[in-house]
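Biologist: Could you walk me through the side-chain contacts in this one, starting with the aromatic rings? I'd like the cut-offs as you go.

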Amino acid sequence: AALRTGSGLVEVYTHESNRQTMQTMLPEGIMHTCHPDDLQNEKLCKLMERCDCVIIGPGLSTDDFAMQLVRFVFENCTKTIVADADALNCIARSKDLLYNQKRFIHREVIITPHPGELSGLTGMSVKVLKEDYVANVRKFAKEYGLIVVGKDAGTVVSDGENVYINQTGNDGMATAGSGDVLSGIIGAL
């Protein structure tokens with residue numbers, strides 16, 4: 001999605017076991033692989049320095065390696081981060097990552113949770129969240145200094161001050177993987 005939206009270069013950092021699949025699916029992308037026992041911090045830092053934006057979460061899982069990777073990115077990346085899918089599940093298990101966000105004054109973090117993921121991040125039930133979804137998205141964005149793209153029937157986007165509501169789309173967008181596409185589009189833009 002990032003390539004199709006206009007990114008000039010997309011680099012993928014993934015497990016060695018994903019190399020063949022990723023190269024088949026994304027021959028235009030540059031693959032960087034690692035072994036799950038070795039995060040390769042120095043290599044990852046160099047990759048993050050070269051980029052404008054890091055997208056983390058789609059296809060990640062929530063195992064120990066994924067948690068370690070999310071933590072490393074949030075603690076070391078100075079560029080824009082778009083966190084979706086399993087990155088949000090990892091963050092929900094370790095909310096200190098969001099408090100650490102405030103030390104990166106010039107870095108933007110954009111999270112793209114659906115109501116279930118936002119529930120995990122806030123500790124509020126989906127039912128309570130949806131009673132005033134706009135206010136809850138805005139409050140969470142303000143508390144952590146993030147941009148929240150709260151996916152739902154109407155997508156609520158807030159930086160903690162401003163709120164934008166997108167009421168376009170349809171039920172077909174509630175398909176698994178469409179959030180991953182959204183992350184790629186946001187990352188490209």
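**Rings and charges up close**

Modeller: The count comes to 1 aromatic pair, where rings of Phe, Tyr and Trp (its six-membered ring) pair if their centres lie within 6.5 Å, and planes under 30 degrees apart count as stacked, over 60 as edge-to-face and the rest as tilted. That pair is Phe140 with Tyr144: the ring centres are 4.7 Å apart and the planes sit at 50°, so it goes down as tilted. Before going on, keep in mind that this is a predicted model, where local features need pLDDT of at least 70, side-chain atom pairs count only at pLDDT 80 or more, and totals for chains, interfaces and linings use all residues. Residues are numbered from 1 along each chain as its sequence is written, and side-chain values use heavy atoms, with hydrogens and water left out.

Phe140 and Tyr144 both belong to helix 9, 4 residues apart, about one turn of the helix; helices (H or I, at least four residues) and strands (E, at least two) are DSSP runs, numbered from the N terminus. Phe140 is buried, at a relative accessible area of 5%, and Tyr144 is buried with 5% too. Here buried means under 20% relative accessible area, exposed over 50%, and partly exposed in between (1.4 Å probe, protein chains only).

Helix 9 (residues 133-144) also carries Lys142, which is partly exposed at 47%. Its side chain meets Glu161 in a salt bridge, 2.5 Å from N to O; the rule is a side-chain nitrogen of Lys or Arg within 4 Å of a carboxyl oxygen of Asp or Glu. Glu161 lies in the loop between strand 7 and strand 8 (163-166), so the bridge ties together parts that are 19 residues apart in sequence.

The structure holds 8 salt bridges. Another one pairs Asp152 with Lys130, with the closest N and O atoms 3.2 Å apart. This one links distant parts of the chain, 22 residues apart: Asp152 is in the loop between strand 6 (147-150) and strand 7 (155-158), and Lys130 is in helix 8 (residues 126-131). Asp152 is partly exposed at 30%, and Lys130 is partly exposed at 41%.

Lys46 is exposed at 52%, and Glu42 is exposed at 59%.
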